[in-house]
2 protein chains.
Amino acid sequence: MSDDTEVLAPETERDDDAYTLERKAVAAILYAVDINDREKLIELMEPLHAADIADMLEQINAFDRMRLIKLYGKEFDGEILTELDESIREEVIGLLTPEVLADAVRELDSDDVVDLIEDLEQPQQDAILEALEDSDRVAVQQSMTYPEYSAGRLMQREVVMAPEHWNVGEAIDFLRDSDNLPDHFYHIVLVDPRLRPVGNVALGKLMAARREVMLTSLMEETFHVIPVTRYDGDVAYAFNQYHLISAPVVDENDRLIGVITIDDAMAVLDEEHEEDILRLAGVGESSLSDSVFETTKQRFPWLAVNLVTAVMASLVIAQFEDAITTVVALAVLMPIVASMGGNAGTQSLTVAVRALATKDLTGANVFRVIRREVMVGLINGLAFALVMGIVGIVWFGSPALGYVIASAMVINMVVAGLAGTVIPVVLEKVGVDPALASGAFVTTVTDVVGFFAFLGLAVLVLL
Amino acid sequence: MSDDTEVLAPETERDDDAYTLERKAVAAILYAVDINDREKLIELMEPLHAADIADMLEQINAFDRMRLIKLYGKEFDGEILTELDESIREEVIGLLTPEVLADAVRELDSDDVVDLIEDLEQPQQDAILEALEDSDRVAVQQSMTYPEYSAGRLMQREVVMAPEHWNVGEAIDFLRDSDNLPDHFYHIVLVDPRLRPVGNVALGKLMAARREVMLTSLMEETFHVIPVTRYDGDVAYAFNQYHLISAPVVDENDRLIGVITIDDAMAVLDEEHEEDILRLAGVGESSLSDSVFETTKQRFPWLAVNLVTAVMASLVIAQFEDAITTVVALAVLMPIVASMGGNAGTQSLTVAVRALATKDLTGANVFRVIRREVMVGLINGLAFALVMGIVGIVWFGSPALGYVIASAMVINMVVAGLAGTVIPVVLEKVGVDPALASGAFVTTVTDVVGFFAFLGLAVLVLL
């Protein structure tokens with residue numbers, strides 16, 4: 001934005017406590033649990049949204065959680081379960097009596113029940129399925145036959161559809177006469193006689209139009225049909241890219257079988273981002289409420305990979321033991337080159353991994369991006385080479401040492417830019433998640449090249 | 001999910017090319033540009049969504065971009081501009097003739113124009129404002145008086161509202177009679193006589209109800225009112241947390257002045273995530289289409305911080321020059337301890353930064369999380385201490401060296417867990433973005449502690 005408007009604009013209200021559960025409210029709830037006051041507890045919980053109750057249950061300890069749920073009893077709402085983190089969900093379901101659990105899940109839409117049970121163990125799955133009415137159970141079981149992470153798991157089966165030859169009046173009369181409309185819907189899906197979706201009509205458009213207007217003349221410009229087996233991350237991408245609000249889902253014969261709405265897509269987008277961030281840091285799937293044991297297990301593999309990387313770097317150093325004994329300054333300075341390369345490589349790879357995820361890095365621009373990253377590595381390398389060259393001369397009084405570290409810096413940062421881009425692109429090509437694996441490869445390259453370039457040049461120049 | 005369903009479920013269709021622009025399509029378009037065939041170009045571009053055209057413009061080089069835009073001429077759609085990456089947007093606006101630009105922006109909603117011009121330089125801003133009709137210009141200028149990143153910038157000013165005492169019939173007649181309804185709306189906002197919003201009625205509910213039903217009896221259970229100065233990240237959080245589709249925006253007197261819809265919130269959520277990922281990697285705001293110069297400038301500060309960190313680590317090593325000269329194996333092994341600590345610290349800090357962003361890490365559980373991270377560091381530290389102890393003994397034949405590296409490993413990984421959690425929490429408390437600054441602090445701690453613990457213990461035990 002321009003400076004003028006910046007001066008005019010008042011401060012944004014960036015209240016960090018907006019939407020954070022108040023500590024006082026939590027304390028009051030826990031006090032009601034302490035004194036076993038069920039009425040007070042219900043009164044305090046009543047204004048809270050299910051998502052906030054779920055957050056609170058995640059944040060208090062297991063003992064308080066158990067006492068709270070026991071005291072809360074049959075007030076427990078099914079929506080709280082769907083909002084709960086997976087790691088806590090099983091525990092909470094185990095705390096509910098069969099009657100409370102049955103009541104809770106019976107309130108839910110079929111897609112929420114699917115979301116709820118897909119990660120549960122068989123006995124808990126069965127308990128929930130048994131609690132459902134027959135028609136709901138069939139719907140849930142049907143959804144569960146679609147692959148995990150597919151559009152089929154994400155869609156709701158309740159669809160509002162109309163024949164493509166209807167006019168507005170016919171559609172409105174039909175809606176008014178149906179007594180089983182979904183809780184939330186934003187479009188009427190127009191279908192041909194073989195139930196294939198041909199377009200979406202927004203409810204707002206329908207309300208504003210005269211009764212005799214044909215539905216086909218009101219269809220949305222942007223219309224996307226989603227195959228039931230499509231990966232849910234791609235579904236979320238389409239919603240985000242094309243600003244969709246809802247989209248019809250079709251089976252292998254292109255027949256309409258469900259609809260996905262933007263709130264489901266938003267949840268998937270959120271999860272995908274979360275996964276990418278955690279994977280880039282070498283933390284698989286994880287949650288704040290995981291136990292010490294689970295967390296240790298999740299973190300271990302990446303640390304083990306890193307150990308192998310670090311040992312490989314050590315093997316490079318070991319080749320130069322004599323040089324280090326002769327010029328101990330080499331040991332002092334060598335981590336700098338490796339560290340700078342590692343950081344520059346991480347910068348490049350993060351940009352590349354994100355651009356791959358958002359489909360911004362493609363065959364059309366990959367060579368231009370690689371060239372850019374190498375140039376950036378070269379320029380920043382030269383800048384830091386100058387700095388470190390001077391440090392080398394001033395600190396150790398050796399122009400030759402300054403020259404060695406400066407050259408190694410340039411080499412390693414160019415390599416970092418190259419490896420940071422090429423490695424994720426190649427991993428994506430061969431079908432490995434670049435967010436998960438790039439870090440280890442890039443660090444190995446920058447460590448090995450960093451130590452080898454620095455110590456190797458030192459042997460050539462200094463000894 | 002259980003094993004049974006896993007066996008039943010077929011493969012998810014994870015087609016990496018879903019929604020990626022086909023290389024062939026791009027090649028055909030560029031060929032039409034090459035042979036200067038305007039009709040062919042228009043024919044090829046016609047089926048593409050504005051978002052896809054924007055992606056293509058970002059991916060081709062600047063020369064092709066210029067020729068394409070010149071040839072495409074007055075077909076250029078305003079929506080393409082809003083979809084373009086900021087770094088390319090200015091360039092593209094510069095390429096459009098004043099008439100094409102005027103036509104393009106006149107098609108847009110006021111909130112899209114705001115989004116478009118807020119990052120432009122004053123002359124381009126003025127050119128676009130001049131192209132607008134008077135009423136639109138006033139709306140845009142009004143929105144620009146709200147702070148950047150506020151709900152005011154995000155909202156659309158076109159609101160569909162109704163008095164709270166109306167019934168369904170009155171609302172439907174009103175909608176049918178208005179000829180200026182927004183393109184997309186999902187709720188009717190009920191307001192009291194002082195224009196303060198009291199509830200949302202979903203269009204679907206309205207359509208299904210009988211004419212004499214009171215609107216107040218159809219209000220949504222979840223209803224959130226957003227102050228106009230609220231930070232847009234908090235708005236996005238509320239949409240995600242409470243599964244909102246649209247929410248009314250109010251001024252300082254609680255009067256309804258606009259509405260924010262989920263697609264805007266989704267875009268903000270996406271940007272926030274992107275920023276967090278890039279900041280964690282020390283790459284400020286950046287885009288794939290930034291120039292070499294801009295990219296170099298963005299990456300430099302974080303690398304400079306890292307250089308300071310690395311030099312501090314070197315100063316620690318320099319204190320132990322004599323020890324390294326005596327036992328050169330120390331130089332070989334010392335990067336391992338620092339590297340493992342750095343990685344463990346990055347794992348902890350990433351989890352903490354994410355949990356702070358999603359408001360899952362609060363005063364209620366911070367001590368439990370710190371305890372968990374320290375325990376995880378201890379257990380993983382012991383595991384890797386065992387491995388490295390053995391490596392030390394086998395590689396260098398020195399049990400004492402094995403003991404030193406094992407102890408340093410445990411110390412550094414416990415410190416990593418502690419620093420990785422405490423540093424982001426403290427940064428957040430003092431108002432610094434933990435995603436941006438945690439990395440440098442945590443790495444400094446693990447480097448310094450890693451080298452100091454390893455070399456210090458070595459002096460005590462080995463010399």
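**Briefing on a predicted two-chain model**

Phe174(B) has its place in helix 13 (residues 168-177) of chain B, where helices (H or I, at least four residues) and strands (E, at least two) are DSSP runs numbered from the N terminus. This is a predicted model, in which local features need pLDDT of at least 70 and side-chain atom pairs count only at pLDDT 80 or more, while totals for chains, interfaces and linings use all residues. Residues are numbered from 1 along each chain as its sequence is written, chains are lettered from A and ligands numbered from 1 in the order in which they are written, and side-chain values use heavy atoms, with hydrogens and water left out.

**Surroundings of Phe174(B)**

- Phe174(B) counts as partly exposed at 34% relative accessibility, given that buried means under 20% relative accessible area, exposed over 50% and partly exposed in between (1.4 Å probe, protein chains only).
- When neighbours within four places in sequence are left aside, Phe174(B) is in contact with Val160(B), Met161(B) and Trp166(B), contact meaning heavy atoms within 4.5 Å.
- Twelve residues separate Phe174(B) from Ala162(B) in sequence, and their C-alpha atoms are 8.7 Å apart in space.

**Interface of chain A and chain B**

- The two chains bury about 13,600 Å² between them, with 61% of it on carbon and sulfur atoms; buried area is the accessible area (1.4 Å probe) that two parts lose on being put together, summed over both.
- To the contact, chain A contributes 155 residues and chain B contributes 155 residues.
- Four salt bridges are found across the interface of chain A and chain B, a salt bridge being a side-chain nitrogen of Lys or Arg within 4 Å of a carboxyl oxygen of Asp or Glu.
- Arg354(A) and Glu274(B) meet through their side chains in a salt bridge, at 2.9 Å from N to O.
- Helix 19 (residues 329-357) of chain A, with 17 residues, gives the most to the side of chain A that touches chain B.
- That side of chain A divides into 79 nonpolar, 41 polar and 35 charged residues, where Ala, Val, Leu, Ile, Met, Phe, Trp, Tyr, Cys and Pro count as nonpolar, Asp, Glu, Lys and Arg as charged, and the others, Gly among them, as polar.
- Thr296(A), placed in helix 17 (residues 292-318) of chain A, is buried with a relative accessible area of 8%, and, leaving aside its neighbours within four places in sequence, is in contact with Val376(B), Ile379(B) and Asn380(B).

**Salt bridges within the chains**

- Over all chains the structure holds 35 salt bridges.
- In one of them, Arg67(A) pairs with Asp34(A), the closest N and O atoms being 2.9 Å apart; because Arg67(A) lies in helix 5 (residues 62-72) and Asp34(A) in helix 2 (residues 23-34) of chain A, the pair ties together parts that are 33 residues apart in sequence.
- Asp34(A), Asp64(A) and Arg67(A) are linked in a network of salt bridges.
- Asp134(A) forms a salt bridge with Arg137(A), with the closest N and O atoms 2.5 Å apart, and these residues, three apart in helix 11 (residues 134-144) of chain A, are separated by about one helical turn.

**Backbone at two loop positions**

- Most residues other than glycine have a negative phi.
- Asp254(A), although not a glycine, has a positive phi of about 65°, and lies in the loop between strand 5 (246-250) and strand 6 (256-261) of chain A.
- Leu195(B), likewise not a glycine, has a positive phi of about 65°, and has its place in the loop between strand 2 (187-191) and strand 3 (197-202) of chain B.
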